[in-house]
Amino acid sequence: MSVRCITQRMENREGFTVKLYSYFTMMLSIGGGLDMVSFRHLKLLAVVALVIVVSGCQKSPETIKIGMIDPLSGPFSNVGQHFQRELEFVVELINSRGGVLGGKKFQVVALDGKGKPEDSLIAFQQIVDQDIQYVFQAASSAVASALTDKVRKHNERNPDSPVLYFNYG
């Protein structure tokens, strides 16, 4: 994936900027203005925008799957479940407005990393086995470190099927 491809996609996406601005202003109106909007929601929106641009550089299926690895069980399950709801909220907003790239919809595939690096690496492999190219994770710097290393190794070994990892915590 090259910067040139991403730039061309942005130039070729008629109305892309307007649509992105529309999502942003909708988020502001829902949140009650800039002071009330969660910066995490804004970060998520920016990352999803990047996924939109990057996914346009490849042949993609009708549904763009986004993997999420966070603790969904155990002592930190409330944190992971909260992040899952946030990601699903942003995805639902985009999907309800017709999706992206000519109607493609996003789907969140949430997996339980249990807040542990070893369990999160197993979840990562499950995501790769499902041909999901985008992975979100927020809770735990130890998990982030393990996933960063695993994604780097995966991408070195599999240059034709890279995975983009987004840590938004």
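The buried residues of helix H6 are covered by, among others, strand S1 (63-70), helix H5 (117-129), strand S3 (134-137) and strand S4 (164-167). Helices (H or I, at least four residues) and strands (E, at least two) are DSSP runs, numbered from the N terminus. Buried means under 20% relative accessible area, exposed over 50%, and partly exposed in between (1.4 Å probe, protein chains only).

Before going further, please note that this is a predicted model, in which local features need pLDDT of at least 70 and side-chain atom pairs count only at pLDDT 80 or more, while totals for chains, interfaces and linings use all residues. Residues are numbered from 1 along each chain as its sequence is written, and side-chain values use heavy atoms, with hydrogens and water left out.

Which residues of H6 are buried? They are Val143, Ala144, Ala146, Leu147, Val151 and His154. Seen down the axis of H6, these buried residues fall within an arc of 165 degrees, so they line one face of the helix. The arc is that of the directions from the helix axis to the C-beta atoms. On the face turned away from the buried side, H6 carries the exposed residues Ser141 and Glu156.

His154 has a relative accessible area of 10%, so it is buried. A polar atom of its side chain lies 3.0 Å from the backbone oxygen of Ser161. This is a polar contact: a pair of N or O atoms within 3.5 Å, where, within protein, one must be able to donate a hydrogen and the other to accept it, and residues adjacent in sequence count only if both atoms are side-chain atoms. Leaving aside neighbours within four places in sequence, His154 is in contact (heavy atoms within 4.5 Å) with Phe124, Val128, Ser161 and Val163.

At the start of H6, a side-chain oxygen of Ser140 reaches to within 3.3 Å of the backbone nitrogen of Ala142. Ser140 itself belongs to the loop between S3 and H6.

**Two helices side by side in a table**

The expected span of a helix is 1.5 Å times one less than its number of residues.

| Helix | Residues in helix | Span, first to last C-alpha | Expected span |
|---|---|---|---|
| H6 | 17 residues | 24 Å | 24 Å |
| H4 | 20 residues | 28 Å | 28 Å |

The buried residues of H4 include Gly80, Phe83, Leu87, Val91 and Ile94. After H4 comes Gly98, whose phi is positive, near 100 degrees.

**The nonpolar cores**

A nonpolar core is a set of buried Ala, Val, Leu, Ile, Met, Phe, Trp, Tyr and Cys residues joined through side-chain atoms within 4.5 Å. The largest one has 19 residues, of which Ile66, Met68, Leu87, Val91, Val100, Phe106 and Phe136 touch the most other members. S1, helix H4 (77-96), strand S2 (105-112) and S3 each supply at least two residues of this core, and H4 gives the most, with five residues. Val109, Ile127, Ile132 and Val163 are among the members of a second, separate core of 15 residues.

Not counting residues up to four places away in sequence, the residues that Met68 touches include Gly80, Phe83, Leu87, Ile127 and Phe136. The C-alpha atoms of Met68 and Tyr134 are separated by 8.4 Å, although the two are 66 residues apart along the chain.

**Strand S3**

Beyond residues up to four places away in sequence, Val135 touches Gly67, Ile69, Phe124, Ile127, Val163, Leu164, Tyr165 and Phe166.

**Two loop residues with positive phi**

Most residues other than glycine have a negative phi. Lys114, in the loop between S2 and H5, has a positive phi near 55 degrees. Ser140 has a positive phi of about 115 degrees. Lys114 is partly exposed at 40% relative accessibility, and Ser140 is partly exposed at 27%.

**The whole protein**

How many helices and strands are there in the protein? There are six helices and four strands, following the pattern α-α-α-β-α-β-α-β-α-β along the sequence. Of the 169 residues, 43% are buried.
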